[in-house]
Amino acid sequence: MDILLVEDSPGDIRLTVEAFRDANPAVHINVVRDGTEAMAYLRRHGKYVLAPRPDLILLDLNMPKMDGREVLALIKADESLKLIPTVILTTSAEEPDIMHSYRLHANCYLQKPVELQGFEHLVKSVNNFWLEQVRLPQQACGQ
Amino acid sequence: MRVPATEISSLDVLLIEDSAGDVRLAREAFRASEKPIHLHVVGDGIEALSFLRHEGTHKNAPRPNLVLLDLNLPKMDGREFLAIVKSDASLNSIPMIILTASDAKEDVAYCYQHHANCFVRKPGQWTTFESVVKDMNKFWLFMVELP
């Protein structure tokens, strides 16, 4: 399983990677730190020419260069990329952010917990639900 | 003002399902939920659209926080319903979970293409159906921020 984590905070990157290592060692997390890099990765531009197509994208909203809202809009307007489930993972719990993300076809919206334990619980839930219960498009396509 | 998901006293879930057996199993699974759920059930896509658009007998229907959608339905099937709702600017923010017996890769691809929020396969035996609904509840009603 490949996850693309689009996140600029080094602390949150570390927390997410470590929590996934505990929840499911079979998950490989690729990290990019802003929206421009995320699109280059997904479109396999430049150094990402051999990047695997992720099974799931975890996307922060507030990032430098191109923010998560713009990345989400680009993913969900692309005929091929829009099939990849994109989960918003952000500190914001503002109604306009939640509403706007669902309107842009985010697959779900999660608020980053403040405490370490909450973070671990959230990652475990994402793993249990999205990677073990949900039928993902790539699995269905046998890729 | 939006109320955080954890503080909402009751959530409205719309189940679009024509199998009486599955409706019953879903009702039981939702009843066991720790969160008060108001489960609304309709049996086909046409009625589901009336519900979302507050038409006819559904004049006072609430806007659901979450929709569970079967694919194979009479009159208007789940695929058509999904495409209509997700291209309607006033309805497309409502999370829609596909819950179906189908495992056809064409269905999975179609649903993500048309912006289903996720695709969950209905298991065969009822004990596992119950656990699927329970796990789905645990994630969507307790972890996710709903619009």
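A residue is called buried when its relative accessible area is under 20%, exposed when over 50%, and partly exposed in between (1.4 Å probe, protein chains only). Helices (H or I, at least four residues) and strands (E, at least two) are DSSP runs, numbered from the N terminus. The model is a predicted one, in which local features need pLDDT of at least 70 and side-chain atom pairs count only at pLDDT 80 or more, while totals for chains, interfaces and linings use all residues. Residues are numbered from 1 along each chain as its sequence is written, chains are lettered from A and ligands numbered from 1 in the order in which they are written, and side-chain values use heavy atoms, with hydrogens and water left out.

- In chain B, helix α4 (residues 105–113) has B:Asp107, B:Val108, B:Ala109, B:Cys111 and B:Tyr112 as its buried residues.
- After α4(B) comes B:His115, with a positive phi near 70°.
- In α4(A), the buried residues are A:Asp97, A:Ile98, A:Met99, A:Ser101 and A:Tyr102.

**The interface of chain A and chain B**

- Chain A and chain B each give 31 residues to the contact, where contact means heavy atoms within 4.5 Å.
- About 2,700 Å² is buried between the two chains, 63% of it on carbon and sulfur atoms; buried area is the accessible area (1.4 Å probe) that two parts lose on being put together, summed over both.
- One salt bridge is found across this interface, a salt bridge being a side-chain nitrogen of Lys or Arg within 4 Å of a carboxyl oxygen of Asp or Glu.
- That bridge joins the side chains of A:Arg135 and B:Asp103, at 3.0 Å from N to O.
- On the side of chain A that touches chain B, α4 (95–103), β5 (108–111), α5 (116–131) and α6 (137–140) of chain A each supply at least two residues.
- The largest share of that side, six residues, comes from α5(A).

**Salt bridges within the chains**

- Over all chains, the whole structure holds 20 salt bridges.
- A:Glu7 and A:Lys112 form one of them, with the closest N and O atoms 2.8 Å apart.
- Because A:Glu7 lies in the loop between β1 (2–6) and α1 (10–23) of chain A and A:Lys112 in the loop between β5 and α5 of chain A, the pair ties together parts that are 105 residues apart in sequence.
- A:Glu7 is buried at a relative accessible area of 2%, and A:Lys112 is buried at 7%.
- A network of salt bridges links A:Glu7, A:Asp12, A:Asp60 and A:Lys112.
- In chain B, the side chains of B:Asp70 and B:Lys122 meet in a salt bridge (3.6 Å, N to O).
- B:Asp70 is located in the loop between β3 (66–69) and α3 (78–86) of chain B, and is buried with a relative accessible area of 6%.
- B:Lys122 is buried as well, with a relative accessible area of 9%.
- B:Arg121 forms a salt bridge with B:Asp103, the closest N and O atoms lying 3.9 Å apart.

**Surroundings of B:Phe30**

- B:Phe30 belongs to helix α1 (residues 20–31) of chain B, and counts as buried at 6% relative accessibility.
- Apart from its neighbours within four places in sequence, B:Phe30 is in contact with B:Val13, B:Ile37, B:Leu39, B:Leu68, B:Val133, B:Asn137 and B:Leu141.
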